[in-house]
Amino acid sequence: MKVCETALGRFALQRLPVSRDETLRAWDAADELLLAYVAAELLPSFTRRAEQKILLVNDQFGALAVALHKYAPQSWSDSFLTYKATQMNLALNKLPDSVAYLPSTEEPQGDFDGVLLKVPKSLALLEDQLIRLKPHLLPQTRIIAAGMTRHIHTSTLQLFEKILGSTATSLARKKARLIFTRYEKTEPQPSPYPTSFYDKTWDIHLSNQAGVFAREKLDIGARFMLEQFQHLPQARQVIDLGCGNGVLGLVAQRQQPQAQLLFVDESYMAVASARENYQQAFGHQLADFVVGDILDGLQKKAVDLILCNPPFHQQHVIDDQVAWEMFRQSHQQLAAGGELWVVGNRHLHYHSKLKRLFGRCQQIASHKKFVVLAATR
Ligand SMILES: C[S@@+](CC[C@H](N)C(=O)[O-])C[C@H]1O[C@@H](n2cnc3c(N)ncnc32)[C@H](O)[C@@H]1O
């Protein structure tokens, strides 16, 4: 556990999954810069603390919510981990949970005095969030965004300008920067998301909300995995773990209509898209859809098959801990003889780790970039 020194106090903060890597923290210099500005400029401008409404957007592990807990902020995020980590970090600091959590698939509640936004990795998600935020802003709303300088591009600033109003940036400090936007009332515009594409090879239409992985075309890893589906074992209970738009589970369901599918992702938008795509493909809702952290809290069933194209970064940080945690929890969830199918970049060396964990791990296919592996419980 590490201690975050902010202008609003010292707080213990942890990432999720709890990190073994000492260099990874649950906050970054952009959080520190934002909280310093909030303490010096924003909070003193609030006259009636109890009534001021603050909205936090993309507060990854809850650093902002913990520091601002006295203001009972709303926390709007596409990540279930934001919700789980914020609760964990509030408890870690023995603070009451005063935060109102809002999934990205719902709209923020009411007008806001202050909006504090961490710039997300996906520009599409930022665009969607700014458009949907607009009806909840007042001319006096203070809108302050923060990010690491290398993640704030001209295109990022143009989105703020185009959707909300005139925008300026602060000087950089510890390689982080603030973005200040003055809201100018103009006609609200509809969000262009979800968008959809048709994949000819797999004859499949996929609708994708703004925050979904591989929103514009099939991921090449997923495509390579699908090419191996002729070798899938027959299964009754199947989990699409980290389902994104649900493409792996959808094709598996088409191939094995008798199978009971469960789609899981920590992104609210991903699960909503997978559900929509399943409905479009099959016209009925026999599968289950869960927003959650890997398989945490799921009732133990005899699962025969888990399909997984694991993430290799969390927002801007390259990190394979989520992947390892997915493999570990899959091992616990599978019935004896059940299989975990994984696609991954060859250089990530999933094979040796899976072999250590499962005992049996077979390479189903490989090409110059990817491998598809099947680990048997
Ligand atoms: C590489 S994408 C794969 C998406 C989809 N299966 C595909 O092949 O196109 C990895 C997915 O894992 C999800 N993910 C990341 N961390 C997760 C967690 N802790 N629990 C569940 N899903 C997670 C991401 O939101 C993302 O949709």
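Reader: How many bridges join strand E12 to E15, and in which sense do the strands run?

Author: In this predicted model, strand E12 (residues 237–241) and E15 run parallel and are joined by four bridges. Within this pairing, Leu241 stands opposite Cys308 of E15.

Reader: Which other strand pairs with E15?

Author: Strand E18 (residues 334–345) pairs with E15 over five bridges, again in the parallel sense. Here Ile306 has Leu340 of E18 as its bridge partner.

Reader: Is strand E15 buried or exposed?

Author: Buried means under 20% relative accessible area. Six of the six residues of E15 (residues 303–308) are buried, so the strand is largely enclosed by the rest of the structure.

Reader: How many disulfides does the structure hold?

Author: A disulfide is a covalent bond between the sulfur atoms of two cysteines. The structure holds zero disulfides. Cys361 is in none, and its nearest cysteine sulfur, that of Cys308, is 13 Å away. Cys361 is buried, with a relative accessible area of 11%. Cys4 is also buried, at 2%.

Reader: In what order do the seven strands of the open sheet stand?

Author: The order is E5-E4-E3-E6-E7-E9-E8, with mixed pairing. Direction ignored, neighbouring strands are turned by 20° against each other on average.

Reader: What pairs with strand E6 in the parallel sense?

Author: Strand E7 (residues 142–148) does, over five bridges to E6 (residues 114–118). Gly114 stands opposite Arg142 of E7.

Reader: Which strands does helix H5 lie across?

Author: Helix H5 (residues 154–163) lies across E6, E7, E8 and E9 (176–181), and runs at about 145° to E8.

How values were computed. Residues are numbered from 1 along each chain as its sequence is written. This is a predicted model: local features need pLDDT of at least 70, side-chain atom pairs count only at pLDDT 80 or more; totals for chains, interfaces and linings use all residues. Side-chain values use heavy atoms; hydrogens and water are left out. A disulfide is a pair of cysteine sulfur atoms within 2.5 Å. Buried means under 20% relative accessible area, exposed over 50%, partly exposed in between (1.4 Å probe, protein chains only). Helices (H or I, at least four residues) and strands (E, at least two) are DSSP runs, numbered from the N terminus. Two strands pair if DSSP finds at least two bridges between them. Axes are lines fitted to C-alpha atoms, for helices over the stretch in contact, and angles run from 0 to 180 degrees between N-to-C directions. Contact means heavy atoms within 4.5 Å.
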